[in-house]
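Please read them alongside the structure shown here.

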Amino acid sequence: MGCSLRRIGRLMGSIGGGRCCFRGLSTTCTEELKSPNDNKPINLFSAINQALHIALETDTRAYVFGEDVGFGGVFRCTTGLADRFGKRRVFNTPLCEQGIVGFAIGLAAMGNRAIAEIQFADYIFPAFDQIVNEAAKFRYRSGNQFNCGGLTIRAPYGAVGHGGHYHSQSPEAFFCHVPGIKVVIPRSPQQAKGLLLSCIRDPNPVVFFEPKWLYRLAVEEVPDEDYMLPLSEAEVIREGSDITLVGWGAQLSIMQQACVEAEKDGVSCELIDLKTLIPWDKETVEASVNKTGRLLVSHEAPITGGFGAEISASIVERCFLRLEAPVARVCGLDTPFPLVFEPFYMPTKNKEYIDEGIYLWKKEEEPASVLIVMSHFTLHLEVTISALAGQLAPDTIKVMGTSGKQQLTILVDTGSTHSFLDPTTAKKLGCVVHHNTNGGYCGRWT
Amino acid sequence: MALHFSKYLKQKMGYLGMINLRSWSCCFYQKQPYLSRRFESFKADKQLGSLHNGGDPQVMNFPGGIVKFTPELKFLSDTPEERIHCYRVLDDSGQPVSSNFVQIDKDIAVKMYKDMVTLQTMDTIFYDAQRQGRISFYVTAIGEEAINIGSAAALGMDDLVFPQYREAGVLLWRGFTLQDFANQCFGNKGDNGKGRQMPAHYGSNKHNYITIASTVATQIPHAVGAAYSLKMDGREACTITYFGDGGTSTGDFHAGLNFAAVMEAPVILFCRNNGWAISTPVSDQFRSDGIVVRGQAYGVRSIRVDGNDALAVFTAVHVARKMAISECRPVLIEALTYRAGHHSTSDDSSKYRPIEEIEWWRATQDPVARFRKWLEGQGWWTTPSEIELRDHARREVLHAIQVAETVEKPSLKEIFTDVYDVPPSNLCDQEKSLRKTVERHPQDYPHFLF
Ligand SMILES: Cc1ncc(C[n+]2csc(CCOP(=O)(O)OP(=O)(O)O)c2C)c(N)n1
Ligand SMILES: [Mg+2]
């Protein structure tokens, strides 16, 4: 069902406790784009529309099609294109996603730019076979005799405040598991235009997910001209020294709020927009984590098997000795996207900032958690865990990880209502106790 | 001609002809013994050569059956000389054009009319409620009341419904109350679906109405599988699945129709061809003579009916149901109509179709008004009852909304239930951590029961 965004503001006001204002943020300009004077503030769907105009204008072999594309699309991204370029280049398709993508692959294989719209990312699954088994392998299976590199699939993704199961999903991770396609997600109008043009002109099939929450809400100055932003290059959109935050798309505006909040408490966050999910820019993230020693990844999609897991694993591989804390993931719940529970499902600012990671840098009078570092854990592990368990409700003990061979770190959440671990008792149990009053996880792994 | 041909084949074919004539016979509308074809075992042929044409060089027994040869180079036409006719009972003024329809008694007819009016009233008020920001979404069946109620009235309560999203009337007919509808739209505690889906995504086990998904046409193969189960269990029931003209472009429609034919499933495939799929007109959707002709292509009996004529819809479904159950076969029904409302509350159809067109359909083809004229002609309906009915329906709908608005939302634990039969450990952990977050930041969350 075509979901208009007209009413988000009002709805969010009532359900989301005014969260809409966080969403409205558009992210900062990249340096190289700041020059022209004729930049106009436009929203994200208009930026997409501009990119499509340019794509059709600059390449007579470019086509735009999909369900309801002829009249401008349910999100207005294709407005005016059919009038301008004619119904043979911009057209409605029958309601059939597998058909849209299959047709697009054939069109692209003939040396055209096939720009296919899937009305909602939630409805991309009938085309999954065409994307995974056909588009992604077209080049490889033919020994590079054939390719469908001119294929770009656009689809609105993500939460929108009232979308329920089938107008809210973030299916990017499914596609990140497919060698042979690229997955790109823009965060703002300016990014959307430049990245979409790159995707359209990239010689590989690309899935381009557009954050539909931002279609109308995100407004920023976008250069009129034809420009492309590089794929597979992440961007540090905020510099910091204490923790690295990585995200993409609409989630970045939430993360940015968390950064601002953290800054008030003296925690300096570095925020990275990944932009291209596969093939992704590990180097930029790695460099940042090597600087900060900590990583938090956040996405709307369910946490389990999300792309955050891939980032987390890769960074642990590359930066293990530099990490001062486990990688944190603040993500959607492992449930279908639930309508009235949307505010609970979402990886919100406070989940991110307070609860799942950055919190530990916050200076507080009362320690909200106690970090226990035990030496020679192999000897003491069982004894200590059970002794701790005697003192505490079991769910407040979280084994954070081991460092090399000697130490086990246990984080005890004393902020919980059910338990309190008195540091003296902990010491009696043979633990070295650190309060988190001096920031962070109290020292490095040694 | 067809019968003549079959006789001719029989003479020529000997015992092999027997087998093949059985599969031919389904085209001639002969009654099949229950489960006959599915479990038939075939014997290997010993003398292939002569048996494959029965000695007649003019025919060949190909793997799919006997085909006659022709020296004529003739392509089948893409379009029929004349479009398939549309079965109708009532003309525009509500007068029966023939007596060729299933008679219904007064009680049923009056209930049909009342439900059509109630559906229309509910749609109008719920639509406005969305405009006022009280619910987040809505989709009406305006213009398709006869399809909704006419088909529902012809079904048995044991028949399972696999709906799209524009068939709330079927559920209304079955006894889902206005309060039930309102509770779903408000996603409150009274919603069967526990507030998880968008408004207008109803479902009721009690009413044999499978829960709606927004995904178009995915329900079609489900209806076929369920019908197969009814057949295997020897039940006196069928399934019915509804879908739009747009839905017939999906892979699921084609898979479903073909499975229905091959599995000989007692399913009614009901297409509401309302001319539009959001902004896409049928001319951009398909180039066949609508949907009805697809039936024959797949070996499924089919009929085209006037979707704005409740008696025609009722009769077609009634007869289709009988065939489906007693002969164990699918039937495809294409009801021609017009989507007289916007696609949904997210749509403004004046952007892509002339307002006059909408007005014309609303003014001259209102299925509710047509049925009322017929009822009046029968002497079963009067102006005072009309005023009372509309007033009553209006008050009931408004009341349902008022109540639904005050009913609390489902409790937080319902986020995590029903993902599986029981929540696995990851969900238990996530519930705990969510509860902590909510305790710490109550200002971030709506006032649910924590
Ligand atoms: C698989 C899928 N693709 C796209 C959509 C978006 N969508 C919702 S309704 C609709 C049009 C359906 O038209 P039709 O089948 O004719 O039914 P009608 O709305 O006319 O009753 C579309 C494209 C969807 N819900 N599911
Ligand atoms: Mg339709």
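1. A residue is called buried under 20% relative accessible area, exposed over 50%, and partly exposed in between (1.4 Å probe, protein chains only). Glu117(A) is buried, its relative accessible area being 5%.

2. This is a predicted model, in which local features need pLDDT of at least 70 and side-chain atom pairs count only at pLDDT 80 or more, while totals for chains, interfaces and linings use all residues. Residues are numbered from 1 along each chain as its sequence is written, chains are lettered from A and ligands numbered from 1 in the order in which they are written, and side-chain values use heavy atoms, with hydrogens and water left out.

3. Glu117(A) belongs to strand 4 (residues 113-117) of chain A. Helices (H or I, at least four residues) and strands (E, at least two) are DSSP runs, numbered from the N terminus. The side chain of Glu117(A) makes a polar contact of 2.8 Å with that of Arg154(A). A polar contact is a pair of N or O atoms within 3.5 Å; within protein, one must be able to donate a hydrogen and the other to accept it, and residues adjacent in sequence count only if both atoms are side-chain atoms.

4. Contact means heavy atoms within 4.5 Å. Beyond its neighbours within four places in sequence, Glu117(A) is in contact with several residues, among them Phe65(A), Val69(A), Ile100(A) and Arg154(A).

5. Chain A as a whole has 16 helices and 18 strands. Of its 446 residues, 62% count as buried. Among contacts in chain A with a separation of 6 or more, 80% are between residues 24 or more positions apart.

6. The contact between the chains takes 50 residues from chain A and 63 residues from chain B. Together the two chains bury about 4400 Å², with 61% of it on carbon and sulfur atoms. Buried area is the accessible area (1.4 Å probe) that two parts lose on being put together, summed over both. Met198(B), Ser346(B) and Ile415(B) supply 12% of the area that chain B buries against chain A, more than any other three residues.

7. Twelve residue pairs are in polar contact between chain B and chain A (both at pLDDT 80 or more). On the side of chain B that touches chain A, the elements giving two or more residues are helix 3 (106-131), strand 7 (280-281), helix 9 (282-285) and helix 15 (425-440) of chain B. Helix 15 of chain B gives the largest share, eleven residues.
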